[in-house]
There are 2 protein chains.
Amino acid sequence: MKTVNAGILGIGNVGTGTYRTLQLNREKILESTGIDLRITKILNRHPEKDRGIAIDKSVYVQDVDSIIKDPNIDIVVELIGGIEPATTYMAEAIKNGKHVVTANKAALAANGEMLQKLATENHVMLRFEASVGGGIPIINALTSALLSNDFTEVLGILNGTTNYILTKMTDFQQKYADVLKEAQAKGFAEADPTSDVEGIDVANKLSILMSLIFGVNVPPEEIPTQGITNINQVDIDYANRFGCKIKLLAAAKKIGDKVECDVQPALIDVNHPLASVNNEFNAIFVRGNAVDDIMFYGKGAGPLPTGSAVVGDMISIARNIDKDSAYDMKPLLRYDSDLEYVGEGVNQYYVRLSVDDRPGILGNISSTLGRYGIGIESMMQSIQSRNEDESVPLVFIFYETSREVLDEALQEITNRSFVKSVDSVIRVQK
Amino acid sequence: MKTVNAGILGIGNVGTGTYRTLQLNREKILESTGIDLRITKILNRHPEKDRGIAIDKSVYVQDVDSIIKDPNIDIVVELIGGIEPATTYMAEAIKNGKHVVTANKAALAANGEMLQKLATENHVMLRFEASVGGGIPIINALTSALLSNDFTEVLGILNGTTNYILTKMTDFQQKYADVLKEAQAKGFAEADPTSDVEGIDVANKLSILMSLIFGVNVPPEEIPTQGITNINQVDIDYANRFGCKIKLLAAAKKIGDKVECDVQPALIDVNHPLASVNNEFNAIFVRGNAVDDIMFYGKGAGPLPTGSAVVGDMISIARNIDKDSAYDMKPLLRYDSDLEYVGEGVNQYYVRLSVDDRPGILGNISSTLGRYGIGIESMMQSIQSRNEDESVPLVFIFYETSREVLDEALQEITNRSFVKSVDSVIRVQK
């Protein structure tokens, strides 16, 4: 038997979930691994607050140093969230020779390169399974069992709040604002939902995934990112008629020596496995050159699912803690590839216009598009659904083009007198 | 850099896929792990046969001992398939101190306990990711990242051939025999499809999964197993009207200190993530007490996906080969739990009868069912679809009951003059 001691920073949702997971399964872990995993200290600045879980108060400390400098603690588990002071605490812990587990996507997306370098220098492990996809063991799979692959593509539904909202809008024709309120009431969405609904949370996660599978450093603020606040029922209905659903997708692709990526709502064929990922569930779809298409599906949030991932990382470190193996100290986050990051790349797009209801308009628009090299894959005119100003919707799915060229073409089209407005531009995932 | 030498037994589909996977990604593996993985010998009894891949003939040997007794070989990769001589070769390799990787579900299901015991005694690792779910890294996930969980349920689509056949029958109303022929032509089904279509292949895989997650030894021949040969269009259509698809499911559940399991076609709600797993894809759905519901989806067969899993195992062994760690030598296959195996357990069932078209019959049948404690969840009578003998179909979904009680009740019902036949009994997965 090997005893490994951990200290936890922060005892909010994820912290209590981690504590509870270990409480539930310590015996089972001991039995199947021979490792006795103990939480000996918890940083809790508000010990008077009821966390809804029985924790022996003697483990609470209010001073971070008493954890990150404790010679008896092997693993520091950072569950405070946010970029600071979490980054500083992790860096200090690493400098003190502690292995670090974190669920903090914001801190990793912002400072992963620095933290990983520091971990390598100090010969400790940095693990972060819970930072992407909650309980889904995607990071473990990509960095162990699937190491036998070169990856060319990753596609993910990485945010439970937005997926819950889009599912309700799709299946029950509910309005965005109503579902958001409902999600907040149920605890799926935060009081300030900006980071979720604007795609920022997903961009952080995609940045981490791209480091893992492509070895590139693309800061989240450089990822073309669009949230779901502009998605409405009309577009969900047209998507449905095209045999698609609208999902907030994180997408990254390697094409030759270039990497492209984006985070935005997209139409995806109903037969794609990601199209069936509903409500608060997350899923990550990866394409490897040996394994081909593979998808991981599960709960992207919640105290216990996230706790499952955190404790999984703790076990992984505990296994290797006294081995001093070159392999196990290999950084998971890599920033050493020669791949060039080129932004969004070319995609198919869904575009909805409002136009006058008279002949010749489609011909005029398609000639303009033709000059920009944009081909039309499919088109729908709904003369039944006339707008208040008598204009009618004209809906396209275009073949692959760059967003810049599309925007130029749409700009030119908008200047025509018969075009009332460009109502929606949504990526189409093929 | 660490050099690790492997010898492969058998160079059929999986063997060539393994060789090719390593050929494609050796550099990438070396870069990200520091391990130089080499295949130094291949047992090939027919070196004259074209394998469709460029392999330096000097690695071919025709004598198994020259691999399993080679002091320079660290890992023996068994890809011959079938119970014997594969089991004997693996046992000999283990006794010679070789770590073993295999894709062989039949040999593991039959002799896993003996092989694992031998591996533990000889302090070597036995790995078998490719034996369940092809390229899907389910075994790695269950035995590493998800070790933080106690598992209560596993549900899988574990055979690509039968899932391909059922998908074509469902989506294109094709007949079983026609799709089977098509699948054989495409190489998805073997010339003798018995092991696939009768569920034997799936029972082997379920037996392995149950050892991993429950620590029980349930030999495949003790698993209630039924194939897809009796599934027809009529039942697929009724399933559809009940909002379900029919899939060949492997199911195992832990209830208190009892374990139940079965392999059989089952109706599953279209909204369940497994219902969207189509064609030759496999998926494994697991419920853990922390991570909750989680699903892994990917290619269950094919040279490269299977090669991905085999090479993943080789990397996993290579990482730990010189560490002599108690943890890494922990058996993955466990047979030490106190859980009692009780067979199929209680389930919901779909039953289709042909009955005379006259009043009072439903009342009579439901009274009989009532005496057996069987409740009716839903019922459909289709007087339009009259059979040749003027009888009409009467279709039920029953609440949970044991198969034995159901069979007794159906036996009594069959004796009534107005009941022409019991046409189908299919499990319903809730």
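Visitor: What makes both faces of strand E5 (residues 99-102) of chain A count as covered?

Guide: Welcome! Keep in mind that this is a predicted model. In E5(A), A:His99 and A:Val101 lie on one side, A:Val100 and A:Thr102 on the other, and all of them are buried. A residue is called buried if 20 or more other C-beta atoms lie within 10 Å of its own. Residues on each side of E5(A) pass that test, so both faces are covered. In a regular strand the side chains alternate between the two faces of the sheet.

Visitor: How do you know that E4(A) and E5(A) pair?

Guide: Two strands pair if there are at least two bridges between them. E4(A) and E5(A) have four bridges, in the parallel sense, so they pair. One of the links has A:Val77 with A:Val101 as its bridge partner in E5(A).

Visitor: And what makes strand E1 (residues 2-9) of chain A a partner of strand E4 (residues 75-78) of chain A?

Guide: The reasoning repeats: E1(A) and E4(A) are joined in parallel over four bridges, where at least two are needed. A:Leu9 stands opposite A:Glu78 in E4(A).

Visitor: In what order do the strands of this open sheet in chain A stand?

Guide: Six strands follow the order E3-E2-E1-E4-E5-E6 in chain A, with parallel pairing. At the edges are strand E3 (60-61) and strand E6 (126-127) of chain A, each of which pairs on one side only.

Visitor: Turning to chain B, why are strand E3 (60-61) and strand E6 (126-127) of chain B said to stand at the edges?

Guide: Chain B has an open sheet of six parallel-paired strands in the order E3-E2-E1-E4-E5-E6. E3(B) and E6(B) each have a single partner strand, so one side of each is left without a neighbour in the sheet. Helix H1 (residues 13-33) of chain B packs on this sheet, touching E1, strand E2 (35-43) and E4 of chain B.

Visitor: Why is the span of helix H6 (residues 160-172) of chain A called close to the expected one?

Guide: H6(A) has 13 residues and reaches 17 Å from its first C-alpha to its last, against the 18 Å expected at 1.5 Å a residue. Its buried residues include A:Tyr164, A:Ile165 and A:Leu166. Among the elements that the buried residues of H6(A) pack against are strand E7 (151-157) and helix H7 (176-186) of chain A. After H6(A) comes A:Gln173, with a positive phi near 50 degrees.

Visitor: How many residues of domain 1 of chain A are in contact with domain 2 of chain A?

Guide: 12 residues of domain 1 of chain A are in contact with 13 residues of domain 2 of chain A. On the domain 1 side, H4(A) gives the most, with six residues. That side divides into six nonpolar, three polar and three charged residues.

Visitor: What makes two residues of chain A and chain B "in contact", and how many are there on each side?

Guide: Their C-beta atoms must lie within 7 Å. By that rule, 50 residues of chain B are in contact with 50 residues of chain A. H11(B) supplies the largest share of the chain B side, nine residues.

Visitor: How do you know that strand E11 (residues 292-299) of chain A pairs with E11(B)?

Guide: Five bridges join E11(A) to E11(B), and the strands run antiparallel. Pairing needs at least two bridges, so E11(A) and E11(B) qualify. There, A:Ile294 has B:Gly298 as its bridge partner in E11(B).

Conventions: Residues are numbered from 1 along each chain as its sequence is written. Chains are lettered from A and ligands numbered from 1 in the order in which they are written. This is a predicted model: local features need pLDDT of at least 70, side-chain atom pairs count only at pLDDT 80 or more; totals for chains, interfaces and linings use all residues. Ala, Val, Leu, Ile, Met, Phe, Trp, Tyr, Cys and Pro count as nonpolar, Asp, Glu, Lys and Arg as charged, and the others, Gly among them, as polar. The expected span of a helix is 1.5 Å times one less than its number of residues. A residue is buried if 20 or more other C-beta atoms lie within 10 Å of its own, exposed if 12 or fewer, and partly exposed in between; C-beta atoms are placed from the backbone. Axes are lines fitted to C-alpha atoms, for helices over the stretch in contact, and angles run from 0 to 180 degrees between N-to-C directions.
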